[in-house]
Amino acid sequence: MKKYAIATVTSMGVRITPPDRMAVQNSNMFYLQSTSAESNVLNVSSSLGRECLVMTRFVEGSPIADFIKRQLRARNIRFEGKDVPQGGPWGYRHQFNIADSGFGLRAPRVWNDRAGEIGRTLCADDFDLERIFGEEGVSILHLSGLIAAMSEETTKCCLEVAKAAKKYGTLVSFDLNYRATFWKGREEELSKAFHEIASVADILVGNEEDFQLCLGFKGPEAGGKELGSKIERFKAMIDQVRGKYPQARAYATTLRQVVSANEHLWGAILWADGEWYVEEPRPIQVMDRIGGGDGFSGGLLYGAASSLNDYAEPADEKQIWDIYKGNARVQR
């Protein structure tokens, strides 16, 4: 049996959010979390008792690095990574993600403060890949477009770790996670790298626009009204993806229509094992939308939209199925 259910390459940081859905500029108190898009995806499995691994870098002697490590332990997530000297006040640090969850018609806003981010220097040589994938074993390596596009170093790191994982029979999951600010000035380079990772991926995941923006496929416009009426067009897009990347076992896209910051219509389309699985967009009440796609990738459609954390944290499998069925009755 493989030791790890899921391993991921990521740049860990912290997120600060005002309480009670206040706006950032009006707040003098903030809730601090350790977070990254990739580590969020591990939380469904880690909460249900499976071993998961974060592969990253830390700033040596930093209290923020210590906070991150403590938070990962509390989430039942193991970690490996070099402790790199800060190099003075203008040296390395962990990124700060400043989030306004929004309320009603006030849309959520996120400010990424990433100058000097230690995770941008990640290198595959940081890790004993033969031990992790060959000896201990990993069922799934999860990569996202955020870490793959963060810097030239992280792009190379993701490619090399993905190849090592495939060598030892590990499945590769790739959530495209397009971010325009990461791609600016690197479009040609990243298009080639994303194609290379997608070519070895067993599971390809995107949101309504990721397949178009990252891999160049034609598909329906995201957002707007009547998202459910576009499902056949999203299926046609996934068929295009299957044609170009036939080695994958599963292809999925989320479907999100924003009513307000407090309410979304959420659905998803999955092709796996020769079958289509469609969840028509349906209303969900949103506590915090940031991380919703990570919750989906982690296996729980509503996870990040129903928790104070931006990762899914189920108590057990029954809770997952109750959420899916819309059963919010008290459990005694």
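Guide: The answer below begins with the whole protein and then turns to particular residues. This is a predicted model, in which local features need pLDDT of at least 70 and side-chain atom pairs count only at pLDDT 80 or more, while totals for chains, interfaces and linings use all residues. Residues are numbered from 1 along each chain as its sequence is written, and side-chain values use heavy atoms, with hydrogens and water left out.

The protein has eleven helices and 13 strands; helices (H or I, at least four residues) and strands (E, at least two) are DSSP runs, numbered from the N terminus. Buried residues, those under 20% relative accessible area with a 1.4 Å probe and protein chains only, make up 52% of the 332 residues.

Most residues other than glycine have a negative phi. Arg21, although not a glycine, has a positive phi of about 60 degrees. Arg21 is found in the loop between β2 (13-17) and β3 (31-35), and it counts as buried because its relative accessibility is 17%. Asn177 is likewise not a glycine, and its phi is positive at about 45 degrees. The loop that holds Asn177 runs between β9 (171-175) and α6 (180-183); with a relative accessibility of 11%, Asn177 counts as buried.

Helix α11 (residues 317-325) is capped at its N-terminal end by Asp316, which places a side-chain oxygen 3.3 Å from the backbone nitrogen of Lys318. Just after α11 comes Gly326, with a positive phi of about 80 degrees.

Notes
Polar contact = N/O pair within 3.5 Å; in protein donor to acceptor, adjacent residues only side chain to side chain. Buried < 20%, exposed > 50% of the residue type's maximum accessible area, 1.4 Å probe, protein only.
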